[in-house]
Amino acid sequence: MITGALYQNYLTLLLDGDRRACAQIVQQLLDDDIAIQTLYHDLFQKSMYEVGRLWEFNRISVAKEHLVTAITEGLLNLVYPRLFEKASVDSRNEKKVVISCAANEFHQVGGKMVADIFELNGWDSQFLGANTPVDQMLAHIQEEKPDLVGLSVSVYFNMPALRSGIEAIRGNFLHLDILVGGQAFNWGGTEIIKQYSGTAYVPSLDRLTPLISA
Amino acid sequence: MMYETREQAVYAYVTRQSQDLFFVLSRDGRILQANESARTLTKCLENVTTFSDLVVDFASTFNLTGLFQTPEVPHLLNIKTTTGLPQSYDFYFEQVQHLVLAFGRLDAREITHMQKQLLSLNQELNNLTRRLHKQNAELARLNWEKNQFLGMAAHDLRKPIGLILTYCEFLQDEAARDLNTEHQKFLSTIHNRSLFMKHLVDDFLDVSAIEAGRFDLDLQPVDIPNVLSTSLEINRLQARKKGVILQVDMEACPKPVFIDAAKIEQAVTNLVSNAIDYSRKGDTVRVRFFPQQDHLVFSVEDNGPGMSRQDREKLFTPFSRTRTKKTAGEKSTGLGLMITHKIITAHNGTLHVNSTPDRGTTITVTLPLINQFDTPKE
């Protein structure tokens, strides 16, 4: 359970760049056996969306935003031993997903959390990382033959790159389903996604599980 | 604030707001004035009063006067900062009458480039960490499956091997007179190899239990010298057969000890058997047992070929073999010492190996004199 006070304390420490204090909070939550989805949605996603908003409104600098993102990504490493242990013990559904960030999109923490939620739901998720060139993404899809592709975009001005990615996938893999998401959609773009067949927008991490757990 | 002239406004910006460094120096390098940024970053005028003391100068070649002569050229200087990390600035020096003005500028392009590279490296590192965790979990799962298989296979093999041994012994007892010498040798070989297979299967079962975390101890109060005497009986036969002298020196134990007697017997037999295997005919293997403060000490010393440091380091690793050969070509599963180590540590004991090539090996085991209320750790 992440209370409002705990979240505010964590956010303050995060913005102060206090990596150790943030790690202590996350470790304590893990020791208290918090559900990983709750941790991801109520702490990591919520705080990163707030940090993104502060940056978008010129309340914090690019450097601070990068620092906070790097800290959050480091905190995910604390979760991984438990996440992958749980993922390997729980039943696997033999499905595979490839998660990628749009080309020129250097923010990868959201996409990585999406990949982790897939793991928790029995999928084999392969995360390609930030700024994946379209040709590399297509080559990986060709090689791995996933059941689904997830595309993440955090900054609104990377929306054209996302569209290029979707069109390239659709052009090469006609029946491959695509999920898209990320903070960029706070500024619009969901109407554009509706133009593409087999492509759906997922607004939040907590809306992902019902879609993929069946 | 309103200024009379543009120069005043620029000067006010440089001295108060600018992130660049600005110093007014005397010609001999004393700092007469510094802007807000320089004072905050370097604590100059508080702790440092000459410009050369601000500069990191490994080669002791810094010559301020020389820099005054080329005002149009930027000079890369590393400035000591209060963070403990030096910071590189491009410095321009301008002479104005009897003073020198020093302007230090950060290379924003270089910093931005470095920032981007660091971010990318950090992301790559984090992605590799994620893959590593994922693969570790997969390896742990595969290892679990391997142990399950090993356990099942070993369990299923135990019965037929037991039957082969029983029938073999039956034939040796009952039918040996009807067989010629060559056939008796065949029978003896079948018996020896089956016995080795039985040990191997037993070791496999122990290892699969250890690796699956199912290594339970049946702790009972035990008179430990009795347990050791029983274990050593098997070793005495082995030593006699090989012509090795087994010298045993045992002291009484002040009170019963809570141990798993069968497992400690197994460990002791294993250690002494190993020492005999590596001894030559006529060598002595010394076994000592004595209480010491709150511990029991058990040591086995041989004069065999000993081990190198590299061999010692992998001694308790499953299936590892040292480069040292057993003196009579005795067979080994490569699991005995790993199992022994596990038995001792499960009793909260320690196992120490002291070995010198060509001089011999001493293995010392300590077991705590625990009372019945203590529970040994797994």
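1. A word on burial before anything else: a residue is called buried if 20 or more other C-beta atoms lie within 10 Å of its own, exposed if 12 or fewer, and partly exposed in between, with C-beta atoms placed from the backbone. By that count K43(B) is partly exposed, because 15 other C-beta atoms lie within 10 Å. K43(B) sits in the loop between α2 (36-42) and α3 (64-68) of chain B, and its phi is near 55°, a positive value in a residue other than glycine.

2. Please keep in mind that this is a predicted model, in which local features need pLDDT of at least 70 and side-chain atom pairs count only at pLDDT 80 or more, while totals for chains, interfaces and linings use all residues. Residues are numbered from 1 along each chain as its sequence is written, and chains are lettered from A and ligands numbered from 1 in the order in which they are written.

3. Now the overall make-up. Helices (H or I, at least four residues) and strands (E, at least two) are DSSP runs, numbered from the N terminus. Chain A has nine helices and five strands, in the order α-α-α-α-β-α-β-α-β-α-β-α-β-α along the sequence. Chain B comes to nine helices and 12 strands. Of the 214 residues in chain A, 40% are buried; for the 378 residues of chain B, the figure is 25%.

4. On contacts within each chain: two residues are in contact if their C-beta atoms, placed from the backbone, lie within 7 Å. In chain A, 75% of the contacts with a separation of 6 or more are between residues 24 or more positions apart. In chain B, among contacts between residues at least 6 apart in sequence, 60% join residues at least 24 apart.

5. Where the chains meet, 17 residues from chain A and 13 residues from chain B take part. On the chain A side, helix α4 (residues 62-89) gives the largest share, 11 residues. That side divides into eight nonpolar, six polar and three charged residues. Here Ala, Val, Leu, Ile, Met, Phe, Trp, Tyr, Cys and Pro count as nonpolar, Asp, Glu, Lys and Arg as charged, and the others, Gly among them, as polar.

6. Helix α4(A) deserves a look of its own. It has 28 residues and reaches 40 Å from its first C-alpha to its last, close to the 40 Å expected at 1.5 Å a residue (the expected span is 1.5 Å times one less than the number of residues). There is a kink of about 45° at V79(A), shortly before the proline P81(A); the bend is the angle between axes fitted to the seven residues ending there and the seven starting there. The buried residues of α4(A) include V68(A), L75(A), L76(A), V79(A) and F84(A), along with E73(A). Their cover includes α1 (4-15), α2 (19-31), α3 (36-56) and α5 (109-120) of chain A, together with α4 (108-174) of chain B.

7. Next, the cores. A nonpolar core is a set of buried Ala, Val, Leu, Ile, Met, Phe, Trp, Tyr and Cys residues joined through C-beta atoms within 7 Å. The largest has 56 residues, and V114(A), I117(A) and L151(A) have the most contacts inside it. With eight residues, α4(A) gives the most to this core. Beyond its neighbours within four places in sequence, L151(A) is in contact with residues including A102(A), L162(A), I166(A) and V180(A). Apart from this core lies another, of 38 residues, among them L232(B), V257(B), V285(B) and I343(B).

8. In chain B, V300(B) is placed in strand β10. It counts as buried because 22 other C-beta atoms lie within 10 Å. Beyond its neighbours within four places in sequence, its contacts include L271(B), V285(B), V287(B) and I363(B). V285(B) is 15 residues away along the chain, with a C-alpha separation of 7.0 Å.

9. Finally, the strands around β12(B). Two strands pair if DSSP finds at least two bridges between them. Eight bridges join β10 (residues 295-302) to β12 (residues 360-368) of chain B, running antiparallel, and H295(B) has P368(B) as its bridge partner. Strand β11 (residues 350-356) of chain B is also antiparallel to β12(B), through seven bridges, with T350(B) opposite T366(B). β11(B) and β12(B) form a hairpin with three residues between them, and D358(B) in the turn has a positive phi of about 70°.
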